[in-house]
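Please look first at the sequence and the three-dimensional structure shown here. The paragraphs that follow are meant to be read alongside them.

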Amino acid sequence: MKTLLPLATVIILFLSLYLVFGYADYEKTMLEVQKIFYFHVSSAFTSFLAFAVTCVCSIIYLVKRNFKADLIAANSAELGLVFATIVLTTGPIWAKSSWNTWWNWEPRLTSTLILWLTYAGYFILRNSASSAQKKRFSAVFGIVAFLNVPIVYYSVKLWQSSSLHPPTTTRSNLAESMRSAWLISWFALTLIYIVLLKMRTDLGIILHRLNNMQADR
Amino acid sequence: MPKVDFIIIFLVFATFLAIFQLTPSPDTLIPEERIETAISDVLGNEIKYDRAEIYGIVVKVVELLNEGQSRRIKYLITAYFFVWLILILYLFRLKQQYTRLHKQIQRLETSSDQIQPK
């Protein structure tokens, strides 16, 4: 089980790369550059999932004061930030090719940047507060910060007139080959997220035990 | 020292990206010889066509179809380059933490050996 999940992740990742570059049809207007979509959008969705896990674990921590819930919340926020960074770096590259500009202060881009900055703030808070307070403060912050996620997702609909991004409903209009490549890519990135979260949490638990042992001596 | 490793990884990636970005690529990705061969394969030895005229038309069509392809591919590769760079840097950070933890455990084992009476 310990090696099965990482192995499955690598296989699914290679399968997704094959589907993206060898199977999915080319989009008619953007051609090759549209293939950024598969990992750009999947990274965005994976970061939403990570931030949702942070929110749920933060609630659990506030209710039960469970150390593991706080650890998972922080680690998931860290991974969410990693995937959001992928979104914010691949996005401008795609924008430069398609819209001929690296950045545009349109709703989706601006709200995604705010989301990234919010979770960067989560770690600043976590590192600056005293150890007794940091878990409680960051749990509250983790719940409040999640309110940004639906804003990012629905930003295209909310500010339709000023948005350059296509409405989220267009994904249902994707060709079958594109849709399956996208779903497998998303699944691959979700598996990467799960594997990394598990690794990071195991590491955190060992570190916690070690610190406790050292404190007892 | 770990920070140096971190910078080295980043610099290696950045160098590859710079080389890739700065290398000029031809607008037409299909070489002229291949176009000529393809025309010969289609037309065979028939002499009723003006081969020079056909060649000119085909080259223009290929140029039109390939227009901007190298530019688009550069953007595509750059985007995927950053996806892997970010994931590799994160994995590297995890590895650093594992190494630090391992050293901490070793230190603890050594100190507990010293404390134990012989």
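This is a predicted model: local features need pLDDT of at least 70, side-chain atom pairs count only at pLDDT 80 or more; totals for chains, interfaces and linings use all residues.

**A guided reading of the two chains**

Of the 118 residues in chain B, buried residues make up 5%. Among the contacts within chain B that join residues at least 6 apart in sequence, 76% are between residues at least 24 apart.

One of the helices of chain B, α2(B), covers residues 32–43. Helix α2(B) has 12 residues and spans 17 Å from its first C-alpha to its last, close to the 16 Å expected at 1.5 Å a residue. Is this helix buried or in the open? The number of its 12 residues that are buried is 0, and α2(B) therefore lies largely in the open. After α2(B) comes G44(B), which has a positive phi, near 65 degrees.

The next subject is the meeting of the two chains. In total, 19 residues of chain B are in contact with 23 residues of chain A. On the side of chain B that touches chain A, the residues comprise 14 nonpolar, 4 polar and 1 charged.

Two packed helices are described by the angle between their axes and the distance between the axes.

Within chain A, another pair of helices may be examined. The axes of α4(A) (residues 107–128) and α6(A) (residues 148–158) come within 8 Å and cross at roughly 175 degrees. That angle makes α4(A) roughly antiparallel to α6(A). From α4(A), the residues in contact are P107(A), R108(A), S111(A), T112(A), I114(A), L115(A) and T118(A); from α6(A), they are N148(A), V149(A), I151(A), V152(A), S155(A), V156(A) and L158(A). This contact has 8 nonpolar, 5 polar and 1 charged residues.

Some individual residues of chain A also deserve attention. S58(A) is situated in helix α2 of chain A, residues 36–64. Because S58(A) has 29 C-beta neighbours inside 10 Å, it counts as buried. Leaving aside residues up to four places away in sequence, S58(A) touches A73(A), A139(A), G142(A) and I143(A). By contrast, the C-alpha atoms of S58(A) and T9(A), which are 49 residues apart along the chain, are separated by 27 Å.

Most residues other than glycine have a negative phi. L31(A), although not a glycine, has a positive phi of about 55 degrees. L31(A) lies in the loop between α1 (4–23) and α2 of chain A, and is partly exposed, with 15 other C-beta atoms within 10 Å. N100(A), likewise a residue other than glycine, has a positive phi near 60 degrees. The loop between α3 (67–99) and α4 of chain A holds N100(A), which is exposed, with 7 other C-beta atoms within 10 Å.

Definitions and conventions:
Residues are numbered from 1 along each chain as its sequence is written. Chains are lettered from A and ligands numbered from 1 in the order in which they are written. Two residues are in contact if their C-beta atoms, placed from the backbone, lie within 7 Å. Ala, Val, Leu, Ile, Met, Phe, Trp, Tyr, Cys and Pro count as nonpolar, Asp, Glu, Lys and Arg as charged, and the others, Gly among them, as polar. A residue is buried if 20 or more other C-beta atoms lie within 10 Å of its own, exposed if 12 or fewer, and partly exposed in between; C-beta atoms are placed from the backbone. Helices (H or I, at least four residues) and strands (E, at least two) are DSSP runs, numbered from the N terminus. The expected span of a helix is 1.5 Å times one less than its number of residues. Axes are lines fitted to C-alpha atoms, for helices over the stretch in contact, and angles run from 0 to 180 degrees between N-to-C directions. Angles under 35 degrees count as roughly parallel, over 145 as roughly antiparallel, 65 to 115 as roughly perpendicular and the rest as oblique.
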